[in-house]
Amino acid sequence: MTGYNGKSVFKGIAIGKITVYKRKSVSVKSYTVSDCEAELERFYSAKEQAVSQLDELYSLAMNEVGGEDAAIFMIHMMMMEDFSFISSIEHLISDGYFNAEYAVSVTGQSFYDMFRNMDDPYMQARSADVKDITTRLLDILSGIKEQEISSDEPAIILADELTPSETVRLAKGNIIAFATTGGSASSHTAILARSMKMPAVMGVPFEITPELNGKRAVIDGYDGVIYIDPDDAFIAYMLRKQAMEENKYALLLEYKGRENITADGRKVDIFANIGRMPEVDDAVYNDAGGIGLFRSEFIYLGKETFPTEDELFTVYRTAAEKMQGKEVVIRTLDVGADRRMRYYGLPEERNPALGCRGIRYLLKRPDIFKTQLKAIYRAAAFGKVSVLYPMVSTVVDVGRIRKINEETVAELRADGIPIGEVRQGILIETPSAVIISDLLIQNADFLSIGTNDLAQYTMVMDRENVLMNDFFDPINISLFRMIKMVIDNAHRYRKKVTVCGEMAADTSLTKIFLAMGIDGLSVTPSEILPLRKEVCATDVGSISQETLQQLWN
Ligand code: PEP
Ligand code: MG
């Protein structure tokens with residue numbers, strides 16, 4: 001048996017026979033056409049056929065995964081009508097006298113490269129969508145029918161890459177899981193796999209050969225591994241693991257509807273961290289007490305220009321309404337460092353992580369800041385909406401934020417637009433913010449500790465750098481001392497503190513957080529019930545002072 005590690009896309013276990021899938025590729029030849037009009041017609045008719053195929057796929061996806069994710073095929077239809085995509089093809093045919101296949105292939109490749117070379121991982125992942133529509137057009141032009149992906153018995157697909165349209169057709173073909181060498185966890189293929197609840201591993205470094213066809217395999221989506229040729233004992237072990245995981249989840253469901261209350265009666269908030277609208281439903285399903293961190297930048301990524309106030313308002317209002325009166329904490333646009341889009345107009349910086357990030361960017365762009373704030377204040381008329389400012393490091397920052405808030409509210413009032421009350425929160429993620437947290441809290445309603453960035457800025461360790469893994473200590477005393485300092489400072493002013501970095505979900509740390517007096521933890525929706533279980537099982541009073549003393553002595 002051989003095991004290969006990749007990126008898990010959906011947690012689940014699948015056991016089946018391998019079907020190697022290789023997309024029939026069209027070898028595109030370039031030739032000169034004499035009748036450009038006829039060639040253009042050939043292209044337009046292929047495009048029409050492609051759009052009608054996409055329309056069918058959209059209906060199929062609506063049944064399989066519902067509207068939100070089926071929209072992927074709407075996006076494909078829009079890409080198919082994209083002005084620069086179409087005019088590049090038209091130009092190659094009518095001015096270059098090239099055949100339609102060549103024009104589509106060259107244009108598709110240049111759009112693919114353009115997306116692939118973007119800095120933002122979300123945009124990079126869109127290159128797979130470009131490939132999907134290009135392949136569709138080329139297949140139609142070359143008379144290749146859509147390839148069946150099916151099996152008589154439950155099968156696991158191995159492929160170099162799966163396009164979104166291939167993925168949505170998998171469930172119909174008795175395919176229970178897949179592993180690909182390419183692909184990213186933020187691709188539409190991955191998003192669809194999650195919605196279809198299909199165990200999948202992507203980015204697996206293996207060579208796919210036809211000999212693998214028919215071999216037994218196991219996909220362990222919990223650990224992100226595919227095992228090829230496992231023996232019976234290993235299959236039995238995996239079946240036990242599958243039963244255990246299912247059992248664990250069933251047990252967790254028992255915790256739905258329960259309070260987050262420790263064995264000795266202390267209540268804490270457990271909120272959800274989200275980045276995309278569908279995750280609001282996950283938060284509701286997993287019984288979140290609210291949204292503790294709405295990473296709002298994800299609405300801005302994947303666009304070619306800033307979203308309008310109305311677009312933002314619609315998203316925030318929907319989230320607030322879905323949460324039915326529970327708090328929704330919207331973090332203002334946190335760009336810079338690894339989150340960059342061309343239209344942000346960020347300058348090249350020698351040290352972007354120490355540069356124009358988070359609130360600093362918005363303070364430099366009050367127009368963008370106000371647009372977002374207006375949408376937030378308007379949404380607050382429809383639910384309990386709060387705002388959280390990232391990367392604050394001085395009291396001066398807070399004064400400038402307050403001034404822009406005052407101007408925003410005055411403008412909305414002058415226009416007679418209904419607004420609601422918006423609680424003001426500061427994200428503590430720089431050592432400076434920790435040290436002045438007693439001053440910051442006097443200018444805010446609540447604090448939230450972003451331990452992901454706080455750890456990187458405290459330890460001076462780039463959070464994206466895998467080489468740092470050997471040096472990073474999860475029970476980091478400096479970090480815990482800082483967290484305690486923030487909690488104590490906020491409590492002096494009777495205000496609340498939440499931890500919203502990844503550490504919040506680590507149940508081995510829950511006792512320490514509770515003993516330090518944390519008021520809330522905000523985690524990925526799927527971590528809410530495991531965390532609630534841990535909270536309910538903890539007797540805070542009995543946590544030995546010795547445990548805590550270790551952090552200070
Ligand atoms: C953090 O830094 O801990 C945080 C919550 O923000 P992000 O991970 O989005 O930077
Ligand atoms: Mg952060």
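Welcome to a predicted model, in which local features need pLDDT of at least 70 and side-chain atom pairs count only at pLDDT 80 or more, while totals for chains, interfaces and linings use all residues. Residues are numbered from 1 along each chain as its sequence is written, and side-chain values use heavy atoms, with hydrogens and water left out.

**Loops and backbone**

- R494 has a positive phi near 55° although this residue is not glycine, and R494 sits in the loop between helix 19 (477-492) and strand 15 (496-499); helices (H or I, at least four residues) and strands (E, at least two) are DSSP runs numbered from the N terminus.
- D287 also has a positive phi, near 65°, in a residue other than glycine, and its place is the loop between helix 10 (278-285) and strand 10.
- D287 is buried, with a relative accessible area of 18%.
- G183 belongs to the loop between strand 5 (175-180) and helix 8 (188-195), and G183 counts as partly exposed at 31% relative accessibility.

**Salt bridges**

- The structure holds 32 salt bridges, each a side-chain nitrogen of Lys or Arg within 4 Å of a carboxyl oxygen of Asp or Glu.
- D160 pairs with K22, their closest N and O atoms being 3.3 Å apart.
- This pair links distant parts of the chain, 138 residues apart: D160 is in the loop between strand 4 (155-159) and helix 7, and K22 in the loop between strand 3 (13-20) and helix 1 (36-65).
- D160 is partly exposed at 39% relative accessibility, whereas K22 is exposed at 57%.
- E161 and K131 form a salt bridge with closest N and O atoms 3.2 Å apart.
- Because E161 lies in the loop between strand 4 and helix 7 and K131 in helix 6, the pair ties together parts that are 30 residues apart in sequence.
- K370 and E411 form another salt bridge, with 2.9 Å between the closest N and O atoms.
- K370 lies in helix 14 (residues 366-379) and E411 in helix 15 (residues 395-414), so this pair ties together parts 41 residues apart in sequence.
- E297, R331, D334, R357 and D453 are joined into one network by salt bridges that share partners.

**Cavities**

- Three cavities of 30 Å³ or more turn up in a search of the whole structure; on a 1 Å grid over the protein atoms alone, a cavity is a set of points where a 1.4 Å probe fits but cannot get out, and lining residues have an atom within 4 Å of a point.
- The largest cavity holds about 180 Å³ of space, a volume being the space filled by probe spheres set on grid points joined across faces, edges and corners.
- Its lining has 17 residues, with T135, D139, E146, E166 and R169 the closest to the centre.
- Helix 6 (127-141) gives the largest share of that lining, five residues.
- The second largest cavity has a volume of about 70 Å³, and of its 13 lining residues R295, R331, E429, G450 and N452 are the closest to its centre.

Terms used: Chains are lettered from A and ligands numbered from 1 in the order in which they are written. On a 1 Å grid over the protein atoms alone, a cavity is a set of points where a 1.4 Å probe fits but cannot get out, and a pocket is an open set with protein on both sides within 12 Å along at least five of seven lines; lining residues have an atom within 4 Å of a point. Buried means under 20% relative accessible area, exposed over 50%, partly exposed in between (1.4 Å probe, protein chains only).
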